[in-house]
Amino acid sequence: MTPELDAIRSTMRRYWGFDQFRPLQEEAIAAGMARRDALVVMPTGGGKSLCYQLPPAVTGRTDVVISPLIALMKDQVDGLRENGYPAAALYSGMAPDAVREVEQGLADGRWRLLFVAPERLLAPRFLNWLDRATVRDFAVDEAHCISQWGHDFRPEYRQLAELKTRLDGVSLRAFTATATERVRADIAAQLRLVDPLELVGRFDRANLTYRVVPRTDVQRQVLEVLRRHAGEAAIVYCLSRRDTETLAASLSAQGLRAAHYHAGMESGPRHRTQEAFAEEKLDVVVATVAFGMGIDRSDVRCVLHAALPKSIEHYQQETGRAGRDGLEAECVLLYSGSDVIRLERLMERSAAEAAERRGEPLAAAPGDDAALEAGRVLLRQMQRFASGMACRHKGLSEYFGQAYERDGCGACDVCLGEVEGVSDGSVTAQKILSAVARAEGFGVTHIVDILLGADTERVRTRQHAQLSTYGLLKGVARGGVTAMVHQLIDQSLLERTPGDRPVLRLNAASWEVLRGQRTVQLVQPAAKSSSTAARLDSASWEDVDRDLFEHLRGVRRELAEARGVPPYIIFNDATLRDLARRQPTSLDDFARTYGVGDRKLHDLGPVFVERIKAWCERS
Ligand code: ADP
Ligand code: ZN
C-alpha cells in the first residue's frame, strides 16, 4: 500500500469507521488528491460525499462544495461535525455573527470543507476570501442542476461556468447521479472541465426489489404494501396534490403515522412535515414529486408509486431515495394504463401554459411543440417498462446504457415469479377484442362491464346484454380484466383515442389477433406469489436480533431528541443492525462496529454499550 493510500484509509477509519471503499470511490478520491478535474457519476447512495470529503481531510487543505439546497448543506455539516470533521456552510439568511465565524475559520484554515450555495460563490467579497485563503479546489454536488437536459435544472447553477475564469488554478470535480450521456457532456462543457477524468458507476441498485402491480384498488393496495413496512420509513408518490391529501388521510385513519406533502402547501406545514419525517415522528409521507431533494433519511425502506411516473429518469430518481444506506428496500409501482392518458393531458396543459407565458400562439398541431413531443417519448418508454415482462433491474440498467449480465436478478416481480402469463393469452385477447368489435366507440369501463356480464344502466339502455360477447369473462376479477385491456393497448393491439373521452377502437393488429394470425401474451399476478417477506429478510438481517434493533432505534431517537439533531445523524440503520448483531459490551468491541469512527466511539460508545449490556441482562 502506498503511503498516500494508507493515509486515506486511516482518515476514513478515523472519521467514519469505514474499512472498504465503495466502487469508484478510490479513483475519485485519488483525483481529488491530485487536483485533477473529474466528472463522477454514481447512483444515489453510492457514496459521492466521501469522494469530496476525504481529500481535504487527508491533505489538510480547505475545499469548497457547491450544493443546491440549504437543508442539504446544513444536514451534511451537522453530520460531519458529529464525526469530528471540521466543516461549515455559508448561505443567504445567516446571522452576521455566524458569517463572521465562517470567515474567521476560513482565514485560520480551520475548515476542511466549506459548503456554499451557487449564488453566493461568485460574490466578489467571497471570491476575495477564497483568494486570500488560497482555496483552489471545488466540488459541485448535484451537478446535473447545471444542465437543461437534466431533471432538475437550476438557473443559478449556470453561474458556475465562470468559476474557472474568476480564480486561477482552480480544480473542479462534479458529482451527480444522473446518468444520460447528454447531461454528462453538458456538465463537462458548462463547467469548462479540463481533460476531466470520467468515472461512471453502475446504475443498478442491487439492494432494491422492484415490483409493478396492476392498480385495482389504490387505497387497499397501498395499505397492503405499507403493512409490510410497519414502523419503517416510506414515501408514496401521487400524481396530484389532491391525491396526496386523500391518500394520506385514509392511511392516517388506518392508524399509520402518515402525512401529505406538496408544493401547494404553506411553507410552515410543509417544513414541519419534512422535519417530522427526518425526526422519525412520521413514517409515511404521501407526496408529489416536490418531495425529494433534501430528504437525508437513508433508511427509507419503501418507495411506492401510486401512479406511473413521467419518465424512467424520474422513476430512477424517485426509487433511488429508497435504501440509501445500502440495506434492502422495496419499490412498488401501481400501474394502470389510464395513467398514460392522465399524464399526457397534464403535459399538454403545461405545454400550453408555457407557450402562453412566452406569448406564442398554441402549437397548431400536436407534435409542433418539441418539448411536448420529447415528453411523450419519455412517457412511452416508462409505459413500456411498466407493462413489460422483462427483469426490471435489467430494464433499468439497459435504459441507462449499461448491459446487465446476470440471469435473473432475484429482486424483481418478474424474476421472483410473481407475475405469470395468462395460459391462453391469445384466446383471452380475442374475447376482449371481439367485445370491442361488437361495441366500438366505448371506453374501457363499459367494455369491461360487457365482458364481466355486469348489469349497469348503460348495458340496459344499449341492450348490450344481448351481445354474444356479454359475460365472456364472467368470474374473472374486474381488476384483472381491466389490466388485460390495458396490456393490449400497451402492446398496440388495441387503439384508444386521445382526448377527453377516450374510446376503444380496433386497428390492423387487432384483426390479425382476431383472425388467429398473431399470438398474444398477457400477464396476471401469479396465483401463488412467492412470499414477499422471504426476499426482504435477506442477508442484511442475518443474525440481527430484531428486538434489540428496535430497542436501539429507541435509544437513537432519545439521544437525537436530547441533542436536537435528526436520528440519522447519530447512527444509520446499518450501524444499528451491526450493533444488534454483534452486541458489543465493551468499548473495544464497539470500536469495530460499522460506521463508528473515533469521535463517535468516545461520544456515543459508552451510552450504547451500557444500554446493550442492560438489555442483554434483562433478556
Ligand atoms: P450519495 O451522495 O452518492 O447518494 P452518500 O454519500 O450519501 O451517497 O452515501 C450513502 C451512504 O453510504 C451514507 O450513509 C454513507 O455514510 C455510506 N458510505 C459511503 N461510503 C462508504 C464506504 N466506503 N463504506 C461504507 N459506507 C459508506
Ligand atoms: Zn429481475
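With 619 residues, the protein would have a radius of gyration near 25 Å as a compact globule; the predicted model has 27 Å, which agrees. That radius is taken over C-alpha atoms, and the globule rule is 2.2 Å times the number of residues to the power 0.38. The C-alpha trace spans about 90 × 70 × 45 Å along its principal axes.

In this predicted model, local features need pLDDT of at least 70, side-chain atom pairs count only at pLDDT 80 or more, and totals for chains, interfaces and linings use all residues. Residues are numbered from 1 along each chain as its sequence is written, chains are lettered from A and ligands numbered from 1 in the order in which they are written, and side-chain values use heavy atoms, with hydrogens and water left out.

The protein has 27 helices and 17 strands. These are DSSP runs numbered from the N terminus: helices are H or I of at least four residues, strands E of at least two. Of the 619 residues, 53% count as buried. Buried means under 20% relative accessible area, exposed over 50%, partly exposed in between (1.4 Å probe, protein chains only).

**Cores.** A nonpolar core is a set of buried Ala, Val, Leu, Ile, Met, Phe, Trp, Tyr and Cys residues joined through side-chain atoms within 4.5 Å. The largest one holds 69 residues; among those touching the most other members are Val 64, Phe 138 and Leu 130. Leu 130 touches Val 64, Leu 106, Leu 121, Val 135, Arg 136, Phe 138 and Leu 167, leaving out residues up to four places away in sequence. Contact here means heavy atoms within 4.5 Å. A second, separate core of 44 residues includes Leu 308, Tyr 335, Leu 343 and Met 347.

**Second largest cavity.** About 60 Å³ of space lies in this cavity. A cavity is a set of points on a 1 Å grid over the protein atoms alone where a 1.4 Å probe fits but cannot get out; lining residues have an atom within 4 Å of a point. Grid points are joined across faces, edges and corners, and the volume is the space filled by probe spheres set on the points. Of its 15 lining residues, the closest to the centre are Tyr 52, Asp 63, Phe 138, Ala 139 and Arg 173. Helix H3 (48–59) gives at least two lining residues, as do strands S2 (63–66), S5 (137–140) and S6 (171–176). H3 supplies the largest share, four residues.

| Residue | Phi | Loop |
|---|---|---|
| Thr 134 | about 45° | between H7 (124–132) and S5 |

Thr 134 counts as exposed because its relative accessibility is 58%.

Technical notes: 1 Å grid on protein atoms, 1.4 Å probe; cavity = no way out; pocket = protein on both sides within 12 Å on 5 of 7 lines; lining within 4 Å.
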